[in-house]
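Work through the exercises below with the structure open beside you. Each task is followed by a solution in steps.

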Amino acid sequence: MSLLRLALANLFASWLTSVVNVLLLALGTASIAILLLANAQLSSALSRNAAGIDLVIGAKGSPLQLVLAGVYHVDVPPGNISSAEIERWQGHPRIASAIPLSLGDSFRGFRVIGTVPEFASLYDAQIADGRIWRRPFEVVIGSRMAAVTGLAVGDSFAGVHGLSDDGERHEESRYQIVGVFESTNTVLDGLIVTSTESVWLMHNRHAAESAPHQDGVASHDHEALQHDHEAKAHAHEAKQQERDQGQLHNSVIRHGNDITLLLIEFSSPIAALTLPREINAETNLQAASPPYEITRLLQIVGVGLNWLNAFAGSLVIGAALSIFAALYASLRARRHDLAVMRCLGATRGELFNLLFVEGLLLTIAGIGVGLAFAHGGIELLSVWWGKGQAISVSGWIWVESEYVLVVGLLLAGAVAAMLPAWQAYSADVARTLSAP
Amino acid sequence: MTAEKNRVLQVEDLEFHYDQPLINIAKFDVARHECVGLIGPSGCGKTTFIHLIAGLLQPIRGHVQINGVALSQLSERETDRLRGRYMGVVFQRLHLIPSVSVIDNLLLAQRFSRTKVDRSYAVNLLEELGIAALKEKKPSQLSQGQAQRVAIARSLAHRPALVVADEPTSALDDGNAADAMRLMRTLTAHADAGLVIVTHDQRVRREVDRVVNLGDVA
């Protein structure tokens, strides 16, 4: 019979105390592990989604709101800017690329993004099925959206005005799915991407329907809408529809439309110093730096995280004390047994090891159960809550800081087990056996 | 020379005291197959004597040899190992390890003695004591008499040279006390070991080869 088996037998003999101690430690471990996992995955997701985007240019307002809406697609944008800004900033010497984004519609919570094909390259996205859009109202959908909705190439859907599902439905102009992106583990997976013109057309039609007697763009678009509607009604006139939509495209560009924002990539690092200041001071636009805004956001959230960390830390300390108390109480109750073991030939070192192993087993079980709680809990949460979310989390991820957590907890457990083990080591056997 | 080799316990000029002299023994030997009753009134130092010969207490003076090895020449660790290897102890309150089964109590004695763990030998011992059916039971599930037999089996599980029993019959009625004595005698003889029974129980006098009064050996 090995010491390990004896230690296990001792723990099983007082199973209720052992279970309570394991759960106490598991609770502390799980709390810290969840914070570590969430923090690491959030930071990673924030960085991954902002890769290649040095600056966001949009309407004046909250810079954080602009970044959240334009990069992470989790907030409403502060306003629109003129499409003329596209050419202005694309031609700027310190800007390598300026990708326009037009927001406004959604489908079952998945946002419709009007943009240019280069948008997909920000996420190194490849087409898994189908092709990129070529005409207005053709869309390529993200992999998560495809998985959640079951939509595929060849399907069509009516977008909803606004970001909630109870908005006005654009039944008159259905989006046609022509492609599905491969999974990128970025916000792209939950987006519906189409041409900028699609969004313009959709909203010009919407405006035309809302104000049918307006002149200018609206009346022109109203005609286009009628034309388009007829074309859709007669599928055999597809070529005619294509020609008409081309005319629409020209008309909206000619008359000018708004976009929501521009995603900027600098041509040189020096632009990071000068360009935001230039935009904010000299134009009626706003420039927001994703890394800066996210750092600011994490600092704000970090205050709360620190409190949670402190709370979780206190749980772990409490659990370590509980292990100490349990082993100490067990030592007192078993002092005769331990003395008998000495009589049977056990050395002081073996008794020390026995108590120490018991403490470590409790600690290891607590850590194991705690990590299982944390990872399993996050995975369950992601399954239940994560689909369709802009930033998803997974329980099947091990972050490096968890190694530090495990080592720290093992040390705490070892320290908690040390004193009872030492008392077992230094016990006076003859006195113990003579005691009542 | 043969008599010397047969001695499993040799005590010479042993002295120990707390506040006042408690143990003062000029000579005390036990040979293999021999069953010695060490008697004396309560408080005369019987249990202290066991602790001295087990190396759990250090004498003020004198020598104890177990199976020819002087305890005074050993480190504490070596003493622990010698005790585990050559001595079996039956405690007054039995002190079976409650968290493990009957058979594991015996195997634990083998493990701490650093002898080969021999499960079949342990089971044979339990069979000889008529309690093999209880081998998977926990000590808490045993009667006093059954626990007594398990304690005897454990003291012999690692084939010791000397078995020391501290008041093994004090909690037993006459019938069970006689049974326990007979079993210990038979099994220690079978194991080629010597047996020391430390007791104030006068019933033991009838069951031993010789009786030594702790007050008379000074």
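Two strands count as paired if DSSP finds at least two bridges between them. The model used throughout is predicted.

**Exercise 1. Antiparallel strands of chain B**

Task: Find how many bridges join E4(B) to strand E5 (residues 69-70) of chain B, and in which sense the two strands run. Then trace the pairing of E4(B) with strand E1 (residues 7-17) of chain B.

Solution. 

Step 1. E4(B) and E5(B) are joined by 2 bridges. At least two are needed for a pair, so the two strands qualify. They run antiparallel.

Step 2. Pick out a facing residue. Ile66(B) has Val69(B) of E5(B) opposite it.

Step 3. Look at the turn. The hairpin of E4(B) and E5(B) has 2 residues between the strands. Asn67(B) takes a positive phi near 50 degrees there.

Step 4. Move to the other pairing. Strand E4 (residues 61-66) of chain B also pairs with E1(B), again in the antiparallel sense, over 5 bridges. Here Glu12(B) stands opposite His63(B) of E4(B).

**Exercise 2. The open sheet of chain B**

Task: Give the strand order of the open sheet of 5 strands in chain B. Which strands stand at its edges? Which helices pack on the sheet?

Solution. 

Step 1. Write the order: E6-E7-E8-E3-E9 (chain B), with parallel pairing.

Step 2. Read off the edges. Strand E6 (87-90) and strand E9 (210-213) of chain B each have a single partner strand, so one side of each lacks a neighbour in the sheet.

Step 3. From one strand to the next, the average is 20 degrees.

Step 4. Inspect one pairing. Strand E3 (residues 35-39) and strand E8 (residues 194-199) of chain B run parallel and share 5 bridges. Gly37(B) has Ile197(B) in E8(B) as its bridge partner.

Step 5. Place the helices. Helix H2 (residues 46-53) of chain B packs on the sheet and touches E3, E6, strand E7 (162-166) and E8 of chain B. Its direction makes about 155 degrees with that of E7(B). Helix H6 (residues 144-156) of chain B packs on the sheet too, touching E6 and E7 of chain B. The angle between the directions of H6(B) and E6(B) is about 170 degrees.

**Exercise 3. Chain A in outline**

Task: How many helices and strands does chain A have? What percentage of its residues count as buried?

Solution. 

Step 1. Count the elements: 15 helices and 12 strands.

Step 2. Take the burial. Of 436 residues in chain A, 49% count as buried.

Step 3. Take the surface. Chain A exposes about 19700 Å², and 60% of that comes from carbon and sulfur atoms.

Step 4. Check the contacts. Among contacts in chain A with a separation of 6 or more, 79% are between residues 24 or more positions apart.

**Exercise 4. Aromatic pairs**

Task: Classify the ring pair of Phe107(A) and Phe157(A). Do likewise for Trp398(A) and Tyr403(A).

Solution. 

Step 1. Start with the total. There are 10 aromatic pairs over all chains.

Step 2. Phe107(A) and Phe157(A) lie 4.5 Å centre to centre, with 35 degrees between the planes. That pair is tilted.

Step 3. Locate the rings. Phe107(A) is in strand E3 (residues 95-107) and Phe157(A) in strand E7 (residues 156-161) of chain A, so the pair ties together parts 50 residues apart in sequence.

Step 4. Check burial. Phe107(A) is buried at 8% relative accessible area. Phe157(A) is buried at 1%.

Step 5. Turn to the second pair. The centres of Trp398(A) and Tyr403(A) are 5.3 Å apart and their planes stand at 70 degrees, so this pair is edge-to-face. Trp398(A) is partly exposed at 39%, and Tyr403(A) is exposed at 52%.

Step 6. Extend to the cluster. Ring pairs link Phe107(A), Phe137(A), Phe157(A) and Tyr175(A).

**Exercise 5. Positive phi in chain A**

Task: Are Phe137(A) and Asn185(A) buried or exposed? Give the phi of each.

Solution. 

Step 1. Phe137(A) has a positive phi of about 75 degrees, though it is not a glycine. Its loop runs between strand E5 (127-130) and strand E6 (138-141) of chain A. Phe137(A) is buried, at 3% relative accessibility.

Step 2. Asn185(A), also not a glycine, has a positive phi of about 55 degrees. Its loop lies between strand E8 (169-181) and strand E9 (191-195) of chain A. Asn185(A) is exposed, at 53%.

Note on methods: Residues numbered from 1 in each chain as written. Chains lettered and ligands numbered in written order. Predicted model: local features only at pLDDT ≥ 70, side-chain atom pairs only at ≥ 80, totals over all residues. Heavy atoms only, no water. Helix = DSSP H or I, 4+ residues; strand = E, 2+ residues; numbered from the N terminus. Axes fitted to C-alpha atoms, helices over the stretch in contact; angles between N-to-C directions. Contact = heavy atoms within 4.5 Å. Buried < 20%, exposed > 50% of the residue type's maximum accessible area, 1.4 Å probe, protein only. Areas by Shrake-Rupley, 256 points an atom, 1.4 Å probe, with all protein chains shown as cover. Phe/Tyr/Trp six-rings, centres within 6.5 Å; stacked < 30°, edge-to-face > 60°.
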